[in-house]
Amino acid sequence: MASHYGRKLPILGVTFLAVSLQRLILLPILLRCLGDEAYGIWALILPLAELLTPLCLLALPDAFTRFSAGTGDRKTIAVNYYTILATVLGCGSLLTAVVSLNGSLLGRFFANSPAFSDHTLHLAAPLATAMALNTLAGAYFRTMQREWLLAGLQCLGATLNIGGALAMAASGRGINAI
């Protein structure tokens, strides 16, 4: 068992390092492309999305791992995963709808500014749903003990994020390049 864990540890360490370095690499690229004001809005959107993500997840990935890891039947694991996936998508859609409909009220309540809601709240809720789906996919790959596939997909995602930011910077049009 120890040798099995020892073989997975280096790839997981490299993956964690690559995903962590992604933010450090993206910082100067985004700051240059977005400018001060748009980067400030982005700096508010990302933490807000990270705070909203648990509202989409409802601790279901942990429950999935706990109750599905000991099950040898892949069909049962698939049913559990798709049930949780539907629930997370439903909660994310509901969160996006509530935030979109009540954005100005929430902006006045939290930031004392209705303009806060125009950019940050309307973009943070769908981003939180995407982050929740990413977390759920990670739980699935860990439960199925497919760490190599998880590591590959996370490194690919980090590479595509950096490549997209570099393409945006190279075009010279900033955020309008998207």
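Biologist: Which element gives the largest share of the lining of the second largest pocket?

Modeller: The general idea is that rolling a probe the size of a water molecule over the atoms shows where empty space is left. In this predicted model, H1 gives the largest share of that pocket's lining, 5 residues. H1 and H6 each supply at least two of the lining residues. Those around the pocket include Leu-12, Phe-16, Arg-142 and Gln-154.

Biologist: What volume does that pocket have, and how do its lining residues divide?

Modeller: Its volume is about 160 Å³. The lining splits into 5 nonpolar, 3 polar and 1 charged.

Biologist: And how much space lies in the largest pocket?

Modeller: About 1500 Å³. Its lining has 43 residues, and Gln-22, Trp-42, Leu-46, Leu-127 and Asn-161 are the ones nearest the centre. H1 again has the largest share, this time with 16 residues. By type, the lining has 28 nonpolar, 11 polar and 4 charged residues.

Biologist: On to the cysteines. How many disulfides does the structure hold?

Modeller: A disulfide is a covalent bond between the sulfur atoms of two cysteines. Here the count is 0.

Biologist: Is Cys-56 buried or exposed?

Modeller: Buried, because its relative accessibility is 0%. Cys-155, with a relative accessible area of 24%, is partly exposed.

Biologist: Now the packing. Which residues touch the most other members of the largest nonpolar core?

Modeller: For a core, look for buried nonpolar residues joined through their side chains. The largest one here has 21 residues, and Leu-52, Val-88 and Ala-124 touch the most other members. H1, H3 (74–101) and H5 each give two or more residues to this core, with H1 giving the most, 7 residues.

Biologist: What is Val-88 in contact with, leaving aside its neighbours within four places in sequence?

Modeller: Its contacts are Cys-56, Leu-57, Leu-60, Ala-132, Leu-133 and Leu-136. Apart from that core lies another, of 9 residues, including Leu-30, Cys-33, Leu-34 and Met-168.

Definitions and conventions:
Residues are numbered from 1 along each chain as its sequence is written. This is a predicted model: local features need pLDDT of at least 70, side-chain atom pairs count only at pLDDT 80 or more; totals for chains, interfaces and linings use all residues. Side-chain values use heavy atoms; hydrogens and water are left out. On a 1 Å grid over the protein atoms alone, a cavity is a set of points where a 1.4 Å probe fits but cannot get out, and a pocket is an open set with protein on both sides within 12 Å along at least five of seven lines; lining residues have an atom within 4 Å of a point. Grid points are joined across faces, edges and corners, and a volume is the space filled by probe spheres set on the points. Helices (H or I, at least four residues) and strands (E, at least two) are DSSP runs, numbered from the N terminus. Ala, Val, Leu, Ile, Met, Phe, Trp, Tyr, Cys and Pro count as nonpolar, Asp, Glu, Lys and Arg as charged, and the others, Gly among them, as polar. A disulfide is a pair of cysteine sulfur atoms within 2.5 Å. Buried means under 20% relative accessible area, exposed over 50%, partly exposed in between (1.4 Å probe, protein chains only). A nonpolar core is a set of buried Ala, Val, Leu, Ile, Met, Phe, Trp, Tyr and Cys residues joined through side-chain atoms within 4.5 Å. Contact means heavy atoms within 4.5 Å.
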